[in-house]
Every structure is written in structure tokens, then in C-alpha cells.
Amino acid sequence: MSTDALPYRLVATDLDGTLLTSAENVSARTREALGAVTALGAQHIIVTGRSAGWTRPVLDEIGYTGIAVCGQGAQVYDAGAHKLLTSVTLDRQLAALALAKIEAEVGPLAVAANQDGLDGEVVAGPGYRLRIATGLPVRQVAAEQLLAAPVSKLYIQHPELTDDQLAEAAWSVAGQLVGVVMAGDGIVELLPLGLTKATGLSLAAHRLGVRAAETIAFGDMPNDIPMFRWAGHGVAMGNAHEQLRAVADEVTVSNDEDGVAVVLDRVFGLGG
């Protein structure tokens, strides 16, 4: 089939809660659907909030060798070459000021920092506990060490506020300094101002020679909203956050029910 005849030339998928099941793997059906779509000539790109260092083991395990957008758009990563093509850092003075403003508003936070680079660690200050993808490496450090090296983003948690409440509070007092996004359970992030998944995806799509209108995107969390607004068609998973469902063009079944494959089978006419 000519790529001009394809309904979409690019399939952009989030990772956690979307491409990955709750067991943190890619189901056989989803692998088969993506394989069939790419055999027709479309391209598949992973667009994730995870840093490249946290994404690399998953991509290696599923045999993904293309370009991936990582770190909420901060990093464009060549999975086949194990090489970062772009990397954006968070200004540490702005980050410290944003943290101070947020803590003045809501009280003490638990904070973790994603260090820059492919081999950058995630370092966690007192009280921070990763609640998704719990096998990922996190090193505990003293609070004053969190910003000792260049970072791509910060993660913040509050002992009482929900993720949505914390994200709203952080945006209201520090949104002019940093980007604020809720990306998963216990994952409220502070990013370089203006950075989104759409930023990185647009760069990657340009490299691949694909336009926004030729892209179908899948996601499950509010951090996927800019990607949906950029892409020609946005598909929220059945397990998606209500904010993403509200802007999606359609809602499929959950990540544990092969929601990505269900839509690809229909849209690309797979499986008879």
C-alpha cells in the first residue's frame, strides 16, 4: 500500500498506561497490530514522560529501534543507536524558586530530580516514593543534593493533596516560571516553561517527514493533552484521566484490553 493511501502515516503512543499493560509489558495483540501497521508503511513513535534512561530498557525489551520522544518532550532519543539527539534542561535557579513558591503555598513537598543525559539518574529527596513502574532505579539523596547536577525535570509529591490539587496549586503560584503537568499516579512534574510532548513530537515528526494531520496519537494522562491537540486524531485509553478524555477525538478500551490494537485494527483495516 502506498503511504499516501494510509489513513495515518504516524502512530504516536504514550508508554505507561497506554502501550504498556498494568504488568508493564506490551501485549502480543498490540505488538501484532503495530507490526502490521508498520508493514503497511506507517511509522510508530513512542512519546513518553519517562526520561530516555528510564525508557531505554523497555524499548530494548520490545525491540524498538526507532526515534522516541522522552522526558515530556525534553529528549529525542534514537533507540537503535542508543543516542540522544536533543536534550533540554530545566534552569536550576528557576526550579529552586518554583519549589520555594509552591512550598510557601501548600507546605513541604517530597521532591525528586531527573538528571540530564542518557545516563542521568533519578535522585529522590526525603519522603519521595515512586508509585508507578516501581522497578525503575531511584537513588535517595539529601535535599540539598537534588539540584547539584543539571536536571531535565523535577517530580513533586504532597502528603495530603491529590495529584490534581497539587498540580493546580503549583501552576497557580509557579506557572510563570516552570511548566507543570500531571503524568501519572504520584507523578506531578516541573518542566522547562513551554515544554510539552507536542514540542518533542513535532521535532521528531519533522525528522521523519510526517505532518501533524497525518498522525494518530494514543495516551492516558493530562500530559498527553498537547500531543492530542497537535495530532490529527487523539485516542484516549479507557483508563484515561477525565481531562484527557474531554479533549480526545475518541475513547478506546483500556491498556489491559489492548486499546491501541483495537483502534489500529479498525482504522487500518487489519485482521479482515
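## Terms and model

A residue is called buried when its relative accessible area is under 20%, exposed when over 50%, and partly exposed in between, using a 1.4 Å probe and protein chains only. Helices (H or I, at least four residues) and strands (E, at least two) are DSSP runs, numbered from the N terminus.

This is a predicted model, in which local features need pLDDT of at least 70 and side-chain atom pairs count only at pLDDT 80 or more, while totals for chains, interfaces and linings use all residues. Residues are numbered from 1 along each chain as its sequence is written, and side-chain values use heavy atoms, with hydrogens and water left out.

## Strand β9 and its partners

Strand β9 spans residues 151-157, and seven of its seven residues are buried. Two strands count as paired if DSSP finds at least two bridges between them. β9 pairs with strand β6 (residues 110-115) in the antiparallel sense over six bridges; here K153 of β9 is the bridge partner of N114.

β9 also pairs with strand β11 (residues 187-192), again antiparallel, over three bridges. In this case Y155 stands opposite E189 of β11.

## The eight-stranded sheet

An open sheet of eight strands runs in the order β5-β4-β3-β2-β1-β12-β13-β14, with mixed pairing. Its edge strands, β5 (83-87) and β14 (250-251), each pair on one side only.

Within this sheet, strand β1 (residues 10-13) and strand β2 (residues 43-47) are parallel and share four bridges. L10 stands opposite Q43 in β2.

## Helix α3

Helix α3 covers residues 52-62, and its buried residues are A52, W54, T55, V58 and L59. They lie on the same side of α3 because they cover an arc of only 150° around the axis, the arc being that of the directions from the helix axis to the C-beta atoms. Just after α3, G63 has a positive phi of about 75°.

Contact, meaning heavy atoms within 4.5 Å, involves 22 residues from domain 1 and 21 residues from domain 2.

Buried area is the accessible area (1.4 Å probe) that two parts lose on being put together, summed over both. For domain 1 and domain 2 this is about 1700 Å², 60% of it on carbon and sulfur atoms. W54, Q72 and M221 supply 33% of the area that domain 1 buries against domain 2, more than any other three residues.

The count between the domains is one salt bridge, defined as a side-chain nitrogen of Lys or Arg within 4 Å of a carboxyl oxygen of Asp or Glu. The side chains of R56 and D119 meet in a salt bridge at 3.3 Å, N to O.
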